[in-house]
Amino acid sequence: MAPAKTLTSLADQNAFESRFIRDEDERPKIAYNQFSNEIPIISLAGIDEDVNGRRTEICKKIVEACEEWGIFQVIDHGVDTKLISKMTRLARDFFSLPPEDKLRFDMSGGKKGGFIGEAVQDWREIVTYFSYPIKSRDYSRWPDKPEGWRKVTEEYSDKLMGLACKLLEVLSEAMGLEKEALTKACVDMDQKVVVNFYPKCPQPDLTLGLKRHTDPGTITLLLQDQIGGLQATRDNGKTWITVQPVEGAFVVNLGDHGHYLSNGRFKNADHQAVVNSNYSRLSIATFQNPAPEAIVYPLKVREGEKPVLEEPITFTEMYRRKMSKDLEIARLKKLAKEEKELLQNKVKPMDEILA
């Protein structure tokens, strides 16, 4: 019987397969550790009580970050550092398990939650689970190793849901709406946790850990280690920056749903993850998404603006359209690449023609 195969086992052999090679225009433009300080780092200390205008000042910084980038980092966020350390340790321990232990939670066959040991083109392994709504939790898809995973991840999910809702309150108020407006627009908010492990890569200049994208949901909170690899762009991929890792901070980025609810005022962060040949990297993304039946449409349209959507649609339909558009772009790109190769094969050098 052939040994169980995961990306980690491939990386341990220092092997790199051609399927991971990205088109030239998709490859990394800057290094994983070429850090930028352009992404704001915002302390949330004092956000719950407006003493000496502190809450107002914090809210102003958050709104400006969402208008400029759709991405920022928060510190002094109230999530216990011990909990963060436990979650990080358990995540590392999970990916250190033998392949056969991880593959017991294989997500193939349409299972909702579990482990993916080899993504199609992305140089990463993931374990994911759905934590909200609580009534929809399927603990059979949550890893039972390492010991303590369920208890810690439940607490972690709960604390991050609270933090996400607090940040959405700020953005609701900035739009001139009631505090709970954005949360209510999600109906029964969904939460998915995705733990990413990016092994050391022998050819990091040819591939990506996670391809360029915007998140479809409302708001994402990302915990990353100190290695670096998260990159963002705000000029449609012409230039990229690598987000500076900050110990204990959460990277916050808005998704498409948050972008549409704000009528485009708040950016949906355009980002990707790169890898390196020196270190493995770990990140934990917590996605807060609307319920499938939630209506997607601007909650407020400012004077002189037009709605960014022609009509109200469900989140399910919004996601379907996003996926269809991505597939069509990929199809056209592949077609253009094939036509270019065909043309190059037809046009032979003169010495070949005369030979």
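## Burial and overall form

A residue is called buried when its relative accessible area is under 20%, exposed when that area is over 50%, and partly exposed in between (1.4 Å probe, protein chains only). By this criterion, 47% of the 355 residues in the chain are buried. The structure is a predicted model, in which local features need pLDDT of at least 70 and side-chain atom pairs count only at pLDDT 80 or more, whereas totals for chains, interfaces and linings use all residues. Residues are numbered from 1 along each chain as its sequence is written, and side-chain values use heavy atoms, with hydrogens and water left out.

The chain holds nine helices and 15 strands; these are DSSP runs (helices H or I, at least four residues; strands E, at least two), numbered from the N terminus. The radius of gyration is 22 Å, close to the 20 Å that the globule rule gives for 355 residues, so the chain is as compact as a globular protein of that length. The radius is taken over C-alpha atoms, and the rule is 2.2 Å times the number of residues to the power 0.38. Along its principal axes, the C-alpha trace spans about 80 × 55 × 40 Å.

## Contacts along the chain

A contact means heavy atoms within 4.5 Å. Of the contacts between residues at least 6 apart in sequence, 78% join residues at least 24 apart.

## Lysine 145

K145 lies in the loop between β5 (125–132) and α5 (149–174). With 35% relative accessibility, K145 counts as partly exposed. Leaving aside residues up to four places away in sequence, K145 touches F94, L97, D101 and R104. With D101 there is also a polar contact of 3.5 Å between the two side chains. Such a contact is a pair of N or O atoms within 3.5 Å; within protein, one must be able to donate a hydrogen and the other to accept it, and residues adjacent in sequence count only if both atoms are side-chain atoms. A91 stands 54 residues from K145 along the chain, and their C-alpha atoms are separated by 9.9 Å.

## Two buried polar residues

Q231 belongs to strand β9 (residues 230–233) and is buried, with a relative accessible area of 0%. Its side chain makes a polar contact of 3.1 Å with the side chain of T242. Beyond residues up to four places away in sequence, Q231 touches several others, including I30, Y32, W240 and H271.

S9 is part of helix α1 (residues 7–12) and is buried at 18% relative accessible area. A polar atom of the S9 side chain lies 2.6 Å from the backbone oxygen of T6.
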